[in-house]
Amino acid sequence: MAVRKKRLSNPEYHLQCLIIDFLKIQLHKSALLTCFPSGGGGKIRGAMLKRMGLVAGWPDLQIIFKGKYYGLEVKTEKGKVSENQKAIHDSLIKQGAKVAVVRTPEEAWIQIKEWGLGR
């Protein structure tokens, strides 16, 4: 039986950290920024978070600016948006929120400029 080597790198984590570092510099000073860390921890943690009210699919990065919600879903080049993410993103957009998928810090910059959130 072959032993599977545990994957030590997490490319989406590293990408999100780069985007956060970039946004901390480039976002308008009064914009509020946080992440939504819902993954990892196994089935027990997942069950606890769900019991506490976690809804799967929310964007990874949350921005509030002038009373409006903006969500950035961080995906690697090969990453795919899940069905839960698509559903929540659609619901947020129907409520008047802005949501986008970004795959690089450059895409994040383009998106925040388009939304008028840059310095």
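Colleague: Which is K66, buried or exposed?
Modeller: This is a predicted model, in which local features need pLDDT of at least 70, side-chain atom pairs count only at pLDDT 80 or more, and totals for chains, interfaces and linings use all residues. Residues are numbered from 1 along each chain as its sequence is written, and side-chain values use heavy atoms, with hydrogens and water left out. Buried means under 20% relative accessible area, exposed over 50%, and partly exposed in between, with a 1.4 Å probe and protein chains only. The relative accessible area of K66 is 71%, so K66 is exposed.

Colleague: What is the phi of K66?
Modeller: K66 is not a glycine.

Colleague: Which pattern does the protein chain follow along the sequence?
Modeller: The chain has four helices and four strands. Read along the sequence, they give α-β-α-β-β-α-β-α.

Colleague: What percentage of contacts between residues at least 6 apart in sequence join residues at least 24 apart?
Modeller: Contact means heavy atoms within 4.5 Å. Among contacts in the protein chain between residues at least 6 apart in sequence, the share that joins residues at least 24 apart is 67%.

Colleague: What part of the 119 residues is buried?
Modeller: The C-alpha atoms fill a box of roughly 55 × 30 × 20 Å, taken along the principal axes. Of the 119 residues in the chain, the buried part is 32%.

Technical notes:
Helices (H or I, at least four residues) and strands (E, at least two) are DSSP runs, numbered from the N terminus.
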